[in-house]
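Colleague: I would like to go through the labels on this model one at a time. Please set each value against its definition.

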Amino acid sequence: MVDTGLPVPGARHDSRALAESGIADRWANHLQPGGPGMVADLGYLGTAAITGHRKPRGGQLGDVRRACNQAINSTRAAVERAIAHLVNWKILDTGWRGRLTDFPEVLRTVTGLEIYRTWG
């Protein structure tokens with residue numbers, strides 16, 4: 001296992017990079033039955049993360065699976081937008097100047113506000 005969260009060198013599939021980076025081990029409790037879960041894109045199929053459904057070869061998704069994909073993608077889109085907003089913040093572009101212990105709370109707040117803004 002590599003240090004948790006560090007980039008994995010070389011070209012890797014998302015699910016393999018998740019395992020090799022150590023992030024899967026760190027988030028194992030989220031992925032256990034009864035845990036809070038983790039929402040991910042189709043690159044993480046087979047990792048116990050909550051992912052959408054692939055369209056069957058030569059077929060179509062049923063209404064339930066299509067609605068499930070829409071709900072998952074709506075959640076993922078809100079998180080992706082929150083990350084994009086964080087990237088555009090000058091304070092993060094030039095380096096976080098606050099206490100490092102405060103950063104996770106700032107990140108959760110911005111993500112929550114973005115989800116509220118898009119769903120509210």
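Modeller: Start with serine 74, which sits in helix α4. Helices here are DSSP runs (H or I, at least four residues; strands are E, at least two), numbered from the N terminus. The model is predicted, so local features need pLDDT of at least 70, side-chain atom pairs count only at pLDDT 80 or more, and totals for chains, interfaces and linings use all residues. Residues are numbered from 1 along each chain as its sequence is written, and side-chain values use heavy atoms, with hydrogens and water left out.

Colleague: Why is serine 74 called partly exposed?

Modeller: Buried means under 20% relative accessible area, exposed over 50%, and partly exposed in between (1.4 Å probe, protein chains only). Serine 74 has 30%, so it is partly exposed. Its C-alpha lies 9.2 Å from that of tryptophan 119, 45 residues away in sequence.

Colleague: Which residues of α4 are buried?

Modeller: Asn69, Ile72, Ala78, Ala82 and Leu86.

Colleague: What makes alanine 48 count as exposed?

Modeller: Its relative accessibility is 53%, so alanine 48 counts as exposed. Alanine 48 lies in the loop between α3 (28–31) and α4.

Colleague: What is the phi of alanine 48?

Modeller: It is near 80°, a positive value in a residue other than glycine. Most residues other than glycine have a negative phi.

Colleague: What lines the largest pocket?

Modeller: A pocket is an open set of points on a 1 Å grid over the protein atoms alone, with protein on both sides within 12 Å along at least five of seven lines; a lining residue has an atom within 4 Å of a point. Here 21 residues qualify, with Trp27, Met38, Val39, Val79 and Ile83 nearest the centre. Helix α4 gives the most, five residues.

Colleague: How does the lining divide by residue type?

Modeller: Into 12 nonpolar, five polar and four charged. Ala, Val, Leu, Ile, Met, Phe, Trp, Tyr, Cys and Pro count as nonpolar, Asp, Glu, Lys and Arg as charged, and the others, Gly among them, as polar.

Colleague: How many helices and strands does the chain have?

Modeller: Six helices and zero strands. Of the 120 residues, 18% count as buried.

Key: On a 1 Å grid over the protein atoms alone, a cavity is a set of points where a 1.4 Å probe fits but cannot get out, and a pocket is an open set with protein on both sides within 12 Å along at least five of seven lines; lining residues have an atom within 4 Å of a point.
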